[in-house]
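Here is a friendly note to read alongside the model. Please keep the structure open and find each residue as you go.

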Amino acid sequence: MRFLFILFLLVSTKILAQGDIIAKNYFKKGDYEKALIEYKKLYANSPSNMTYIKQIVNSYEQLEQYDEAEKFLKALIARVQYPAFYVELGHNYQLKNDLDNAEINYQKALSSIDDKVTNVFTVARGFQDHSLLNEAAEAYEKAMRLKPDLNFNVQLAQIYGEQGDIEKMFNSYMNYALINPLASDDVKRAINDFISEDAYNENNILFRKILLSRLQKEPNVIWNSFLSWLFIQQKDFKKAFVQEKAIFKREQKSLDRILELAAIAANENDTDVAKTIYNYVIDTAQDHEIQLKAHYDLLQLEIKSSSKSNYSTYNAVYLNLLDTFGRNAETLELQLSYAHFLAFYLGETNEAISFLEESLKQPLSRTEKARVKLKLGDVLVLKEQFNKALIYYTQIQRNLKNSTISQEARFKVAKTSYYKGDFKWAESQLKILKASTSQLIANDALALKLLISDNKYEDSLQTALKLYAKADLLSFQNRNEEAITLLDKILDEHKTEPIVAQALYKQAKLFEIELEFKKAAVNYEAIISNFRDGVLVDDAYFYLAEIYEKQLNKPDQAKMLYEKIIFYHADSIFFVDARKRYRTLRGDAIN
């Protein structure tokens with residue numbers, strides 16, 4: 001008997017599931033009469049199922065059988081005290097253009113919240129399902145008045161945003177953030193759609209006023225944090241720094257946020273503010289590790305924006321820092337940076353090698369020793385001592401199998417072989433790296449593999465590819481002018497070969513490094529004109545747009561190029577940035 005009962009349940013469940021699928025398909029295809037029949041069958045077997053109830057009402061309404069829907073809903077209300085049914089009944093009256101009865105039922109739904117505040121969940125959701133935003137907002141607001149510990153600020157903010165009431169939206173999000181500080185990042189993401197980089201944008205001004213008003217009335221670091229974030233969006237890093245200092249002075253916690261702000265300012269080329277911030281951290285930090293990081297980051301920034309005449313000064317700064325903080329595992333990053341500076345800036349490769357060999361004698365972990373060997377290999381490649389470099393890279397692969405640094409070493413093996421002209425071995429290593437756990441390494445490996453495979457068969461001597469690899473090596477050696485000249489040779493002597501697009505692109509990037517933006521623009525324009533179907537065309541559009549926007553003061557041309565990416569290259573890695581820059585140049589109020 002029990003077995004038969006279980007079997008009956010299983011068969012019934014299966015029949016209901018099949019009926020549900022059939023009903024959904026009918027409704028989806030717009031065959032509402034058949035959908036209604038199926039949902040009525042399902043409802044007869046499961047009269048408390050809200051999905052079936054709603055779909056019966058929806059089917060009636062799609063068929064414009066409003067009176068039938070009304071009868072069905074009134075029978076439900078008589079049987080079940082479920083306030084959301086008043087919303088459905090009111091909406092049904094509204095569809096019949098009986099606005100008085102619609103309003104009566106909406107008010108019944110809202111009044112139910114007075115009787116039982118938890119009714120707000122189904123009532124407000126019912127209003128939102130029918131885009132009745134005023135009523136939904138009223139429901140949430142009433143519930144919060146009746147029970148202040150309820151928090152519907154996010155729902156209200158979303159409704160206010162849809163209604164275009166930006167001030168109420170901002171205030172609701174701020175109320176939510178105040179109660180839930182850990183959700184501040186989520187709030188920032190939501191607000192980001194309503195502000196722009198323009199400090200004079202109406203929404204930006206409104207948000208700033210709201211935050212300043214709250215800061216005056218109820219001082220709280222959360223308002224400083226949001227102000228800092230707003231100023232960062234506007235690229236006003238000086239004002240953001242003021243807010244971050246206020247947060248630090250009040251909390252006396254980590255300086256990490258301030259260091260992060262310095263990095264953002266540096267990345268946006270606001271070097272003066274970045275230097276000011278780093279110096280503040282150096283003067284303020286009690287922790288030697290934080291001080292060292294600030295010194296290190298400041299030094300990298302200064303070297304990057306300096307001329308060769310100041311290199312001797314920075315050499316002395318490196319040595320002073322190494323004397324102050326010592327040569328140990330904690331200063332390994334500084335040691336590697338100094339070796340790089342010696343080799344790639346001062347050209348003192350032998351001194352760099354000796355320095356790194358001394359670093360290897362320190363009590364370092366296997367991974368730390370691998371990082372030193374990686375830099376040794378780079379310096380040896382710089383000296384074109386490829387075989388010695390390959391020894392170090394191979395040691396790393398052998399000692400730290402399957403690690404990220406091992407994969408990086410394998411990529412350097414491939415790159416070194418490519419520089420040597422051993423394209424076959426380079427390609428074999430790059431095939432393995434396509435599955436690298438590091439997305440950056442995998443992408444670089446794929447790009448180099450495509451470069452080799454697309455050009456190695458063009459002629460048996462692989463002349464153009466060898467010239468390009470040599471130019472690539474010269475670029476690695478900071479010999480940009482020589483690299484540019486060699487790329488000119490490819491463009492003059494191998495005009496019909498596929499490597500031309502890559503040569504134009506590489507040369508354009510070198511022109512940018514040398515601040516020859518007009519020449520870079522000519523190259524990008526050549527790629528767009530002659531290689532419109534190639535893999536580099538979206539790169540050319542984006543970087544040419546950046547030159548027009550930031551260097552040549554031609555915003556209209558820049559906007560047109562960003563638009564090309566948006567409409568014709570939606571799968572480009574530049575799509576998101578291009579859309580953002582396009583909207584900014586167009587002067588959109590909402591970014």
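**Notes on helices, loops and a pocket**

1. The expected span is 1.5 Å times one less than the number of residues.

2. A word on what you are looking at: this is a predicted model, in which local features need pLDDT of at least 70 and side-chain atom pairs count only at pLDDT 80 or more, while totals for chains, interfaces and linings use all residues. Residues are numbered from 1 along each chain as its sequence is written, and side-chain values use heavy atoms, with hydrogens and water left out.

3. Why is helix 5 described as largely enclosed by the rest of the structure? The reason is that 10 of its 12 residues are buried. (Buried means under 20% relative accessible area, exposed over 50%, and partly exposed in between, with a 1.4 Å probe and protein chains only.) Among the buried residues are Phe85, Tyr86, Glu88 and His91. The cover over them includes helix 3 (50-62), helix 4 (66-79), helix 6 (99-115) and helix 7 (120-129). Just after helix 5, asparagine 97 has a positive phi of about 70°.

4. Most residues other than glycine have a negative phi. Asparagine 269, in the loop between helix 15 (256-267) and helix 16 (271-284), has a positive phi near 65°. Asparagine 269 is exposed, with a relative accessible area of 60%. Glutamate 384, in the loop between helix 21 and helix 22, also has a positive phi, near 65°. Glutamate 384 is partly exposed, at 32% relative accessible area.

5. Helix 22 (residues 386-399) has 14 residues and reaches 20 Å from its first C-alpha to its last, close to the 20 Å expected. Which residues of helix 22 are buried? They are Phe386, Ala389, Leu390, Tyr392, Tyr393, Ile396 and Gln397. These cover an arc of only 160° around the axis, so they sit on the same side of helix 22; the arc is that of the directions from the helix axis to the C-beta atoms. Asn387 and Arg398, on the other side, are exposed. Covering the buried residues are elements including helix 20 (349-360), helix 21 (366-382) and helix 26 (463-476).

6. Glutamate 427 belongs to helix 24. Is glutamate 427 buried or exposed? At 7% relative accessibility, it counts as buried. Leaving aside neighbours within four places in sequence, glutamate 427 is in contact (heavy atoms within 4.5 Å) with Lys449, Ile452, Ser453 and Lys456.

7. Finally, the second largest pocket has a volume of about 270 Å³. Its lining has 13 residues, and His340, Lys375, Asp378, Glu408 and Lys412 lie nearest its centre. Helix 19 (332-345), helix 21 and helix 23 each give two or more residues to this lining, and helix 19 gives the largest share, five residues.

Terms used. Helix = DSSP H or I, 4+ residues; strand = E, 2+ residues; numbered from the N terminus. 1 Å grid on protein atoms, 1.4 Å probe; cavity = no way out; pocket = protein on both sides within 12 Å on 5 of 7 lines; lining within 4 Å. Points joined across faces, edges and corners; volume = space filled by probe spheres on them.
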